[in-house]
Amino acid sequence: MKKLLALSALMLALTGCQTTQQAVVEVKPQPAECYYYGKSEMAAPNWICNPNANRDEFIREAVGFSGNTAGGIAHQKNLAILQAKKELADQVKTEIISKVKSKVGTLGVDGAAGASSATSAEMEAIANVQLEGVEIIRSFRGPDSYFYVHVGLPRDVFKQNVENVIAAVEEKSPATVSTTNPATNKQLSDDIAKALGEM
């Protein structure tokens with residue numbers, strides 16, 4: 001019996017010392033789709049680089065960011081908001097002007113041959129038009145000390161913004177909008193809002 005117990009203890013000891021080799025699989029991290037502006041090696045949320053993901057509620061979106069400033073975090077956030085709104089406004093206003101030109105058949109000033117993109121006179125005309133109804137979707141201060149703000153232009157206020165831009169262009173660059181008939185301009189606004197909403 002003692003021999004059996006000694007043999008069992010020896011077998012248990014040998015089994016416990018036995019090593020098993022397992023294959024080590026090295027998993028390489030997938031490259032991120034987006035990185036922080038202040039730390040290019042650190043992955044960031046995708047909305048920072050691709051803000052136009054929520055197309056159901058917002059017709060257009062943009063992101064603004066601001067580095068660390070001496071004015072404090074509130075100042076940093078305000079700078080990021082201003083940049084985001086500017087990016088959004090530039091995007092929307094240029095698209096509206098291009099659609100105005102294609103809808104009214106004007107290529108350049110006074111119908112002269114030109115491109116269908118906005119001219120400097122048209123961009124000057126809409127420079128001071130503020131987009132109405134811009135909403136902050138999210139904001140946060142990243143680990144890189146930059147402040148990020150994601151803004152969007154809701155679909156339900158887009159038509160009003162189209163009308164405001166057309167009115168500004170008509171006032172300052174009347175050659176672009178060849179008619180001053182309010183009913184025609186209203187129809188033009190509706191057509192453009194619909195066309196841009198389907199993009």
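This is a short walk through one predicted protein model, from its overall layout down to a few residue pairs.

Ground rules, quickly. Because this is a prediction, local features need pLDDT of at least 70 and side-chain atom pairs count only at pLDDT 80 or more, while totals for chains, interfaces and linings use all residues. Numbering starts from 1 along each chain as its sequence is written, and side-chain values use heavy atoms, with hydrogens and water left out.

Start with the layout. The protein chain has six helices and three strands. Helices here are DSSP runs of H or I with at least four residues, strands are runs of E with at least two, and both are numbered from the N terminus. Reading from the N terminus, the order is α-α-β-α-α-β-β-α-α.

Now the totals. The chain has 199 residues, and 31% of them count as buried. Buried means under 20% relative accessible area, exposed means over 50%, and partly exposed is in between, with a 1.4 Å probe and protein chains only. The accessible surface comes to about 12200 Å². Carbon and sulfur atoms hold 55% of that surface. Those areas come from the Shrake-Rupley method with a 1.4 Å probe, and for residues only the protein chains shown count as cover.

What share of the contacts with a separation of 6 or more comes from residues 24 or more positions apart? The share is 63%. A contact means heavy atoms within 4.5 Å.

Next, the sheet. It is open, has three strands, and runs in the order β1-β3-β2 with antiparallel pairing. Two strands pair if DSSP finds at least two bridges between them. The edge strands are β1 and β2, residues 135–141 for β2, and each pairs on one side only. Neighbouring strands are turned by 15° against each other on average, direction ignored. For that angle, axes are lines fitted to C-alpha atoms, for helices over the stretch in contact, and angles run from 0 to 180 degrees between N-to-C directions.

Take the two pairings in turn. β1 and β3, residues 147–154 for β3, run antiparallel and are joined by eight bridges. The hairpin of β2 and β3 has five residues between the strands. In that hairpin, S145 takes a positive phi near 70°.

S66 lies in strand β1, residues 58–66. S66 is buried, at 7% relative accessible area. Leaving out residues up to four places away in sequence, S66 touches Q76, L79, A80, S145, Y146 and F147.

Now the disulfide. How many does a search of the whole structure find? One. The bond joins C34 to C49, with S to S at 2.0 Å. The cut-off for a disulfide is cysteine sulfur atoms within 2.5 Å. The torsion about the S-S bond is about 75°, so this disulfide is right-handed. C34 lies in the loop between α1 (2–17) and α2 (46–49), C49 lies in helix α2, and the two are 15 residues apart. Is each end buried or partly exposed? C34 is buried at 2%. C49 is partly exposed at 41%.

On to the rings. The whole structure has nine aromatic pairs. Rings of Phe, Tyr and Trp (its six-membered ring) pair if their centres lie within 6.5 Å; planes under 30 degrees apart are stacked, over 60 edge-to-face, and the rest tilted. Y37 and F65 have ring centres 3.9 Å apart and planes at 15°, so they are stacked. Y37 is partly exposed at 41%, and F65 is partly exposed at 26%.

A second pair is F140 and Y148. Their centres are 5.8 Å apart and their planes at 25°, so this pair is stacked. F140 is partly exposed at 25%, while Y148 is buried at 0%. Both pairs belong to one aromatic cluster: Y36, Y37, W47, F65, F140, Y146 and Y148.

Last stop, helix α3. A89 is found there, in residues 73–104. At 10% relative accessibility, A89 counts as buried. A89 and E132 are 43 residues apart in sequence, yet 9.9 Å apart in space, C-alpha to C-alpha.
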